[in-house]
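Let's take a walk through this protein together. Have a look at the model below, and then we'll go through some of its pockets and helix contacts.

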Amino acid sequence: MTPAHTLSGGDPTTFHSTRERMDTLLTFAGSAEAQALTHAALEVEVQCRGREVLRQLMADHFALRAKEEEHRAQVVDAQGIPHTTHEDNHTRPLVTIFGPIPVSRVAYRHKGTTNLYPADLVANLPSERYSHGLREIAARAALQDSFDSAVATIAQQTGQRLGKRQVEQLTDKAARDVDTFYAQQPRPQATAQQALVVDRDATRRSATEHGQGGKSGAQTPDPVILGRETRAQTHGGGRLRVWGDPSGPHAPRYSPIPTV
């Protein structure tokens with residue numbers, strides 16, 4: 001893939017839709033309509049319009065990735081079956097913290113098997129339609145209060161309206177990543193004077209109690225929410241084998257999202 005800093009390739013039409021929406025926002029900011037608003041109403045209006053600019057920016061970025069994605073000779077699945085036929089413009093939805101966008105990429109096919117999408121692995125797209133950012137907000141909000149409260153928090157922070165069941169699923173997904181995350185961390189050697197005890201079961205029980213809407217009197221530690229998928233993902237039904245140098249630039253890396 002072309003290095004990120006040269007993705008635009010000098011094409012003046014790149015991010016054209018984003019620029020149009022940004023110009024619209026600037027026009028509004030200098031209009032008589034905006035000047036007639038109270039500061040609180042202006043905040044709401046700029047937030048909504050600004051979120052749409054950012055959503056379009058994400059959409060334009062992924063459109064550019066799709067345009068410049070290089071074709072591979074073949075991609076091998078987890079069963080060792082080579083997928084040598086490719087098709088462009090296979091699109092899937094992705095609901096980001098700014099709003100839903102389409103993501104197009106190259107599909108690699110083999111008759112009788114499911115399609116593989118290497119670009120999904122490079123971008124570390126989630127297997128479900130909701131982004132890691134939405135998953136993080138859902139998990140943190142559910143730990144602080146109930147799932148109903150988490151639904152309201154997501155709507156307030158992102159403008160995205162998810163159902164309670166969807167929030168429960170996203171929170172469960174984040175919790176399931178905890179054991180895998182700990183299993184991949186290096187274990188320092190303790191000296192004779194040191195002892196380290198990590199009770200992950202207790203942490204999980206506390207998180208579950210908060211997720212069900214009940215607050216305990218004890219302080220609950222922040223959840224470990226992974227910024228990358230930790231298991232082989234099913235994108236369009238197929239499992240990708242990680243190929244190439246495992247220490248290369250696109251090797252999966254797992255790390256918790258830092259607390260803001």
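Start with helix H3, which gives 4 residues to the lining of the second largest pocket, the largest share. Keep in mind as you look around that this is a predicted model. The second largest pocket has a volume of about 260 Å³. It is lined by 15 residues, and those closest to its centre are Met58, Phe62, Leu94, Leu125 and Ser131. Besides H3, strand S3 (85–96) and H5 each give two or more residues to this lining. If you sort the lining of the second largest pocket by class, you get 8 nonpolar residues, 6 polar ones and 1 charged one.

Now for a space of another kind. How many cavities of 30 Å³ or more turn up in a search of the whole structure? The search finds 1. The largest cavity holds about 80 Å³ of space. Its lining is made up of 11 residues, and Phe62, Arg65, Ser104, Arg105 and Ala119 are the ones nearest its centre. You'll find H3 here too: helix H3 (39–68), strand S4 (99–109) and helix H4 (118–122) are the elements that give two or more residues to the lining of the largest cavity. That lining has 7 nonpolar, 1 polar and 3 charged residues.

The axes of H1 and H3 come within 8 Å and cross at roughly 170°. Angles over 145 degrees count as roughly antiparallel, so that is how H1 and H3 run relative to each other. On the H1 side, the residues in contact include Arg21, Met22, Leu25 and Phe28. Among the H3 residues they meet as a group are Leu42, Val46, Arg49, Val53 and Leu57. Taken by class, the contact of H1 with H3 has 7 nonpolar, 6 polar and 6 charged residues.

Finally, follow the chain to helix H5 (residues 132–144) and helix H6 (residues 147–158), whose axes come within 8 Å and cross at roughly 135°. That angle makes H5 oblique to H6, and the crossing is right-handed. Here Leu134, Ile137, Ala138, Ala141 and Ala142 in H5 meet Phe147, Ala150, Thr153, Ile154, Gln157 and Thr158 in H6.

Definitions and conventions:
Residues numbered from 1 in each chain as written. Predicted model: local features only at pLDDT ≥ 70, side-chain atom pairs only at ≥ 80, totals over all residues. Heavy atoms only, no water. Axes fitted to C-alpha atoms, helices over the stretch in contact; angles between N-to-C directions. Parallel < 35°, antiparallel > 145°, perpendicular 65-115°, else oblique. Left-handed = near helix turned anticlockwise from the far one by under 90°. Contact = heavy atoms within 4.5 Å. 1 Å grid on protein atoms, 1.4 Å probe; cavity = no way out; pocket = protein on both sides within 12 Å on 5 of 7 lines; lining within 4 Å. Points joined across faces, edges and corners; volume = space filled by probe spheres on them. Nonpolar A, V, L, I, M, F, W, Y, C, P; charged D, E, K, R; others polar.
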